[in-house]
Amino acid sequence: MSEHMMDFFNIFVMGSIQILMGFYFLIRFLKKRVKCLYFFLFATAGFVVISGISSGSVIEFVLYVLLLIIGGIFICHGDWESVILYVALTTEIMQLSYGIINSLLTILSPWLFSFDQKWLGIVIMISGNLASCFLSVFCYCIVLRYFSIYEITKKKYVLPVLLPIVMIFFMEQYISSVIYGNVNIADENGAAWYKNHIQLLVIQFLGMVSLFCIMFAYKKLLENFHLSTELSLLEQQEHSLNQYVEEVKARYEKTKSFRHDIKNHIFVVKELLQNGRPEEAMDYIGDMESMTMELSFPCSTNNPVVDMLVGNKLGMAGVLGIDVHCSLILPYPCPVRDIDFCVILSNALDNAIHACQRMVYGEEKYIRLTGRIQGDFILLEVENSFHQGENPPQRGTGLSNVKAVAEKYHGAMSIKTEGGVFFLSVLLIIPQHSENSSQQTDLFDGAGSRRKY
């Protein structure tokens, strides 16, 4: 193989493979999908960079990094913080991989002098490039499987992890340029200044390990932050739900007092009628009716705590001009804890109310809460309208909590949208009957055919 062919293979073939490999894994890190046309355009731009600038120069490397950043922002439509983080990660893994393989080959080369140097150079060049690519791909796959953190990346926390990665990034680039690049440092006798390639191999290996340690620490930091935020929200939610319980207890104390005095009220009405004072008796009955209205719940579910919660939420919705309807009957007592019912219904109704509030004037705003019991299963359904120009809630702490409660009772949560209508279905299993377990499938499939109001 001629020297020109070796240069062509090393610079253009392997260079194009590196460019496309970096772009492909950047897309995977950002969890995006792009058309094949963009791969062709990116490869063409990279080929122009390789052709116009001397191989191995700092300018070539900087332009490659800029190409990745431009591709991540304008082709993948990623936010610039995450794009810069993953571009630095992608290029650094590739640089460290090539540095490690170069160090290994340099260490092994003194034992290979007995072979034909021409063919030995070709073998080392090809095997070195292939080994570097395989090591890069292996490291990329580890990142994708264990350290892909794009979904939980908080923009204000990108900088702490970006700075050490960029520092390792520039250190590796400096080492590669000085030791393996076109810049060589020699002593006063003209000998190479640096010859301890084993130490250099250790440094680059530790650089790769440090990179993974930084990502692991950052991932754990974000996970802990995410969990602490969820815990804080759950504590606030539990506090508010406990307030509902206290309100229910107070209301039932009033009901108990009213029931205690009902005989006296009946006696007064009876006396008024017997004494020929029907108008005063009617006024007294009207006052009694007002008292009973204060003690009753807008929605009777057979569960006092849920009655209070749903009454409060639907009453708030009614004040906001939202048409509400409740048709929900729950078993009481029930194996499902009151607070778990409250977690499901409070989050579902809060989301429904917020969705209706964002609707424009003239659109029909409504919330429908229904539920039924069939054998060992409870199916809760919330249907609400929403503005079609906005996306309905698909994730977040609220619906995550609903899903967690459903799974706690070995059930499931299902969400669906049709036009401007959002459906939420929650299936709970209450194993207290001897019904056939096949009812679970039938009941949840029934959630797919929604009733219209």
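At what angle do helix α9 and helix α10 pack, and how far apart are their axes? The views below come from a predicted model in which local features need pLDDT of at least 70 and side-chain atom pairs count only at pLDDT 80 or more, while totals for chains, interfaces and linings use all residues. Residues are numbered from 1 along each chain as its sequence is written, and side-chain values use heavy atoms, with hydrogens and water left out.

**View 1. Helices α9 and α10.** Helix α9 (residues 304-319) packs with helix α10 (residues 338-357) at an angle of about 10 degrees, their axes being 10 Å apart; axes are lines fitted to C-alpha atoms, for helices over the stretch in contact, and angles run from 0 to 180 degrees between N-to-C directions. The two helices are therefore roughly parallel to each other (angles under 35 degrees count as such).

**View 2. The open sheet.** Five strands in the order β1-β2-β3-β5-β4 form an open sheet with mixed pairing, where two strands pair if DSSP finds at least two bridges between them. Its edge strands, β1 (323-327) and β4 (412-418), each pair on one side only, and the twist averages 10 degrees from one strand to the next.

**View 3. Strands β3 and β5.** Strand β3 (residues 377-385) and strand β5 (residues 421-429) pair in the antiparallel sense over nine bridges. The bridge partner of L380 in β5 is V426.

**View 4. Helix α10 on the sheet.** Helix α10 lies across β2, β3 and β5, and runs at about 15 degrees to β3. Helices (H or I, at least four residues) and strands (E, at least two) are DSSP runs, numbered from the N terminus.

Key: Parallel < 35°, antiparallel > 145°, perpendicular 65-115°, else oblique. Contact = heavy atoms within 4.5 Å.
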